[in-house]
Amino acid sequence: MFKRTLVASALLAGLAFTSPAFAGECPAGQMRADATKPSTAAAKGVTDKVLAQIDLAGEKVALAGHMMRVRKLEVQPGGVVPWHSHGDRPALIYVMSGEIVEHASNCAVPILHKAGEVARETHATAHWWNNQGKTPVVLLSFDILHDPNDHNM
């Protein structure tokens, strides 16, 4: 019985790792360089509040000049998080409520993010987001900030 459980677990784990994309990521076959051009849309209907942060210079990782922070963003219906890059600001975005659309530079189609999903933003990410729904979207952003003058969302 233990062997069957172990084999079944291994098979399920293998399926998870062969999946073409995580929920809320660019679908297989749609990844392309410069698929979405930068948008000039300004921020609209979005608030961005830092909830907490840690100066990483004093932590064991010793990332001088970097802050790890958690922010809460609320994007109203029709709201826009303007075009920005994550060249030196990696982040994980947790969708607390609602649905929001991401327009990524490396994806030929818009990406729908739903409540409960996490979006990964790496050095290769440049994008903008908009709330096309009728209810506010609440996001928690966990990021590593390097440039204190970076006011991008």
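Biologist: What pattern does the chain follow, read along the sequence?

Modeller: Along the sequence the pattern is α-β-β-β-β-β-β-β-β. Helices (H or I, at least four residues) and strands (E, at least two) are DSSP runs, numbered from the N terminus. This is a predicted model, where local features need pLDDT of at least 70, side-chain atom pairs count only at pLDDT 80 or more, and totals for chains, interfaces and linings use all residues. Residues are numbered from 1 along each chain as its sequence is written, and side-chain values use heavy atoms, with hydrogens and water left out.

Biologist: Thanks! How many disulfides does the count come to?

Modeller: The count comes to one disulfide, a disulfide being a pair of cysteine sulfur atoms within 2.5 Å. Cys26 is joined to Cys107, with 2.0 Å from S to S.

Biologist: Where do Cys26 and Cys107 lie?

Modeller: Cys26 is in the loop between helix 1 (2-18) and strand 1 (44-55), while Cys107 is in the loop between strand 4 (99-104) and strand 5 (111-114), so the pair ties together parts that are 81 residues apart in sequence.

Biologist: And why is the disulfide right-handed?

Modeller: Because the torsion about the S-S bond of Cys26 and Cys107 is about 85°.

Biologist: Is Cys26 buried or exposed?

Modeller: Cys26 is buried, at a relative accessible area of 9%, and Cys107 is buried too, with 0% relative accessibility. Buried means under 20% relative accessible area, exposed over 50%, and partly exposed in between (1.4 Å probe, protein chains only). Over the chain, buried residues make up 31% of the 153 residues.

Biologist: Switching to pockets: what volume does the largest pocket have?

Modeller: The largest pocket has a volume of about 310 Å³. Of the 20 residues lining the largest pocket, Glu25, Cys26, Met31, Asn106 and Arg120 are the closest to its centre. On a 1 Å grid over the protein atoms alone, a pocket is an open set with protein on both sides within 12 Å along at least five of seven lines, a cavity is a set of points where a 1.4 Å probe fits but cannot get out, and lining residues have an atom within 4 Å of a point. Grid points are joined across faces, edges and corners, and a volume is the space filled by probe spheres set on the points.

Biologist: Which strand gives the most to the lining of the largest pocket?

Modeller: Strand 6 does, with three residues. The lining of the largest pocket divides into 12 nonpolar, five polar and three charged residues. Here Ala, Val, Leu, Ile, Met, Phe, Trp, Tyr, Cys and Pro count as nonpolar, Asp, Glu, Lys and Arg as charged, and the others, Gly among them, as polar.

Biologist: How many cavities of 30 Å³ or more turn up in the whole structure?

Modeller: The search finds one cavity of 30 Å³ or more. The largest cavity has a volume of about 60 Å³, and its lining includes His84, His86, Glu121 and Trp129. Strand 2 (residues 67-85) supplies the largest share of that lining, three residues.

Biologist: Last one, Val70. Where is its place?

Modeller: Val70 sits in strand 2 and counts as partly exposed, at 22% relative accessibility. Leaving aside neighbours within four places in sequence, Val70 is in contact (heavy atoms within 4.5 Å) with residues including Lys49, Leu51 and Phe142. The C-alpha atoms of Val70 and Asp143 are separated by 6.7 Å, though the two residues are 73 apart along the chain.
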